[in-house]
Structures are given as C-alpha cells and as structure tokens.
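Q: Could we go through this model together? I would like to begin with the aromatic rings.

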Amino acid sequence: MDVTRPDDDVIVAEVDRLVEQHRIASLWFLRPDYRPTTTAERIRVLRWIEQRGDLESFRKAATLRRWLSQTSNDASADC
C-alpha cells in the first residue's frame with residue numbers, strides 16, 4: 001500500500017475488499033451480509049482483522065485504520 005493517504009472512496013473500497021477476504025477466517029462471527037457503513041464500524045472491523053489475521057493482513061488493516069482515524073479526527077476537530 002502507498003504511504004500517501006488515498007481518497008475516502010478508495011479507502012472504503014479497500015476496507016470492503018479486506019472484509020470480504022477475511023469474512024470466513026477472521027470475521028466468522030459477523031452476519032454473512034454485514035458490511036461496515038460508518039467510520040467507527042470500519043475501524044472496529046479493521047481492529048478485528050488486525051487481531052485475527054496474518055501479518056500481511058495486520059499491516060493492511062493497520063494502515064487503513066490509521067487513514068480512517070485521520071479522517072474521523074479531522075471531522076471531530078471541526079466541531
């Protein structure tokens with residue numbers, strides 16, 4: 001993954017892809033049709049992948065989570 005932060009749509013697509021890749025092995029406890037729809041849900045699911053996935057998955061999830069956290073921190077700072 002690139003070190004520069006991509007657009008939000010790209011991040012969401014990457015999270016969705018990672019969720020599908022890990023649905024059976026790491027996210028078996030979620031409903032089969034579950035997709036995270038908010039930033040908080042995406043961050044939570046990425047943490048689960050970090051905890052239950054392999055090293056490569058951990059790295060991808062951690063990067064995506066950091067990018068999402070930047071967005072959520074920016075939004076909360078505007079309030």
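A: Rings of Phe, Tyr and Trp (its six-membered ring) pair if their centres lie within 6.5 Å; planes under 30 degrees apart count as stacked, over 60 as edge-to-face and the rest as tilted. This is a predicted model, in which local features need pLDDT of at least 70 and side-chain atom pairs count only at pLDDT 80 or more, while totals for chains, interfaces and linings use all residues. Residues are numbered from 1 along each chain as its sequence is written, and side-chain values use heavy atoms, with hydrogens and water left out.

Q: How many aromatic pairs does a search of the whole structure find?

A: The search gives 2 aromatic pairs. In one of them, the ring centres of Trp-28 and Phe-29 are 5.4 Å apart and the planes stand at 90°, so this pair is edge-to-face. In another, Phe-29 and Trp-48 have ring centres 5.1 Å apart and planes at 80°, so that pair is edge-to-face.

Q: Which parts does the pair of Phe-29 and Trp-48 tie together?

A: Phe-29 lies in the loop between α1 and α2, and Trp-48 in helix α2, so the pair ties together parts that are 19 residues apart in sequence. Helices here are DSSP runs (H or I, at least four residues), numbered from the N terminus. Ring pairs link Trp-28, Phe-29 and Trp-48 into a cluster.

Q: Is Trp-28 buried or exposed?

A: Trp-28 is exposed, at a relative accessible area of 61%. Phe-29 is partly exposed, at 31%. The classes are buried under 20% relative accessible area, exposed over 50%, and partly exposed in between (1.4 Å probe, protein chains only).

Q: Changing topic, what about Arg-23: buried or exposed?

A: Arg-23 is buried, with a relative accessible area of 12%, and its place is in the loop between α1 and α2.

Q: What does the side chain of Arg-23 reach?

A: It reaches the backbone oxygen of Tyr-34 at 2.7 Å. A polar atom of the Arg-23 side chain also lies 3.2 Å from the backbone oxygen of Arg-31. Beyond neighbours within four places in sequence, Arg-23 is in contact (heavy atoms within 4.5 Å) with residues including Trp-28, Pro-32 and Asp-33.

Q: And the overall fold: how many helices and strands?

A: The protein has 3 helices and 0 strands, and its elements run α-α-α from the N terminus on. Buried residues make up 32% of its 79 residues.

Methods. Helix = DSSP H or I, 4+ residues; strand = E, 2+ residues; numbered from the N terminus. Polar contact = N/O pair within 3.5 Å; in protein donor to acceptor, adjacent residues only side chain to side chain.
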